[in-house]
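My entries are below, in the order I looked things up.

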Amino acid sequence: MRSLEELSPLETLEIEKGLSLVSRVKLSLTIHPLVPSVSKPIDEWQLKRSLIDFLKNSTFPSVTISEEDIVVRRHRDLKKRKRDEPVAHGSLLIRDLGFLEGKKKKKKDDDDDAKGLEKKFVEWRKVLVEKMNGIEVNLEGVKYTLTVVLPVSDDFERLKKDWEEFYAFGHPREGRREADTMIVRGVPSRWFAETRVSSKPSMLVAHTIFSTFGNIRNFNVAEDDNLGKDADEYSGDLVSGLYCKIVVQFEKYNDFVNAMKAFCGRSMQKEGTRLKADYELTWDKVGFFQNSRRASDHRDDGYRNETAGYNTDDLRRKRFRE
């Protein structure tokens with residue numbers, strides 16, 4: 001895997017087991033009616049077409065997206081909606097960012113090119129959010145206004161500022177003064193499973209993949225059946241075990257930072273499939289592994305429960321069993 005310090009925000013990063021991290025821009029949408037008393041369900045198809053047309057005709061450079069990259073989640077019950085609540089919320093994904101790359105430079109200029117491209121990308125994204133935020137759309141005679149923001153989880157500089165301020169203002173855990181643990185939710189369990197053995201995520205497979213970003217102190221992977229259950233819409237029941245949650249504690253701060261930057265603003269893709277996993281990325285504020293150890297010690301009267309999470313030594317001993 002190439003040096004993460006030289007990675008441009010538009011570059012696809014190939015990792016392990018046929019997985020890669022593919023650049024994209026994700027924007028969060030909140031939709032309010034101009035007349036608060038409106039109780040008519042929003043027309044999702046018309047909303048999507050309006051957004052697609054706006055990005056194609058009202059932005060420069062022109063942006064092309066598909067209907068599949070716009071997700072709209074309607075309020076559960078509009079009759080019970082409070083006047084100041086939105087009628088819907090959702091997300092918009094821009095996956096084709098090739099128009100920002102321009103002409104390729106010589107290899108000796110790659111470092112400067114990556115830095116310049118990152119600056120150009122961040123500025124373009126900022127202008128796009130400002131242009132889209134507050135736009136009005138007319139759907140079947142009903143006017144709506146959109147609030148458009150860049151999620152914190154997709155803004156690396158805001159994420160970094162959050163963890164730096166967290167530790168700067170008196171929140172050290174276990175004697176640490178720097179963040180070191182990343183959390184990834186919403187990746188398919190089967191991508192981290194042992195081939196032809198199980199569809200459940202494998203600790204060893206997942207550890208092998210994430211260890212490409214640096215030495216790992218503690219690691220946990222588990223099925224994530226709670227993903228999306230707090231959403232305020234009818235989205236159907238998630239199939240149990242479909243997605244997993246991965247928690248990685250790195251030994252070195254720089255490895256944690258590089259991994260967070262690599263995952264931020266990207267989706268995961270598996271070789272041989274068009275499916276892209278638009279995972280949730282955050283960092284650990286609550287001491288996940290410290291709490292897991294305490295819980296397992298309590299349950300087992302002092303004997304550590306191996307399902308609570310492996311440390312690096314555990315995995316080094318078991319790696320050759322794959």
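What follows is my notebook on this chain, entry by entry.

**Ground rules**

I am working on a predicted model, so I kept in mind that local features need pLDDT of at least 70 and side-chain atom pairs count only at pLDDT 80 or more, while totals for chains, interfaces and linings use all residues. Residues are numbered from 1 along each chain as its sequence is written, and side-chain values use heavy atoms, with hydrogens and water left out.

**Entry 1**

Buried means under 20% relative accessible area, exposed over 50%, and partly exposed in between, with a 1.4 Å probe and protein chains only. This core has 42 residues, and Met182, Phe192, Phe210, Phe213, Phe263 and Met268 touch the most other members. At least two residues each come from β2 (19-23), α3 (156-168), β8 (181-188), α4 (203-210), β9 (216-223), β10 (243-250), α5 (253-263) and β13 (280-283). The largest share, 6 residues, belongs to α5. Another core lies apart from this one, with 37 residues, among them Leu47, Leu78, Ile135 and Val148.

Leaving out residues up to four places away in sequence, Phe210 touches Val184, Phe192, Ile216, Phe219, Ile246, Val248, Phe250 and Phe263.

**Entry 2: α5**

I listed the buried ones as Asp255, Phe256, Val257, Asn258, Ala259, Met260, Ala262 and Phe263. Gly265 follows the helix and has a positive phi, near 75°.

**Entry 3: the four-stranded sheet**

I traced an open sheet of 4 strands in the order β1-β2-β11-β12, with antiparallel pairing. Two strands pair if DSSP finds at least two bridges between them. β1 and β12 stand at the edges with a single partner strand each, so one side of each has no neighbour in the sheet. Going across, β1 is joined to β2 by 2 bridges, and Leu13 has Leu21 as its bridge partner in β2. Then 5 bridges join β2 to β11, with Val22 partnered by Ser267. β11 (residues 266-270) has 4 of its 5 residues buried, so this strand is largely enclosed by the rest of the structure. β11 and β12 make a hairpin with 5 residues between them, and Gly272 in its turn has a positive phi of about 90°.

**Entry 4: the β6-β7 hairpin**

β6 (residues 136-139) and β7 (residues 142-149) pair antiparallel over 4 bridges. This hairpin has 2 residues between its strands, and Glu140 in the turn has a positive phi of about 55°. Leu139 stands opposite Val142. β6 shows a covered face of Val137 and Leu139 and an uncovered face of Glu136 and Asn138.

**Entry 5: second largest pocket**

On a 1 Å grid over the protein atoms alone, a pocket is an open set of points where a 1.4 Å probe fits, with protein on both sides within 12 Å along at least five of seven lines; lining residues have an atom within 4 Å of a point. I got a volume of about 440 Å³. The lining has 22 residues, with Phe121, Val122, Arg125, Asp155 and Phe156 nearest the centre. α2 (110-132) and α3 are the elements giving two or more residues, and α2 gives the most, with 8. By type, the lining splits into 9 nonpolar, 2 polar and 11 charged.

**Entry 6: two single residues**

Ser8 sits in the segment before β1 (13-14) and counts as buried at 8% relative accessibility. Setting aside residues up to four places away in sequence, Ser8 touches Ala114, Leu117 and Arg266.

Lys245, in β10, is partly exposed at 26%. Lys245 and Ala222 are 23 residues apart in sequence but 5.5 Å apart in space, C-alpha to C-alpha.

Definitions and conventions:
A nonpolar core is a set of buried Ala, Val, Leu, Ile, Met, Phe, Trp, Tyr and Cys residues joined through side-chain atoms within 4.5 Å. Contact means heavy atoms within 4.5 Å. Grid points are joined across faces, edges and corners, and a volume is the space filled by probe spheres set on the points. Ala, Val, Leu, Ile, Met, Phe, Trp, Tyr, Cys and Pro count as nonpolar, Asp, Glu, Lys and Arg as charged, and the others, Gly among them, as polar.
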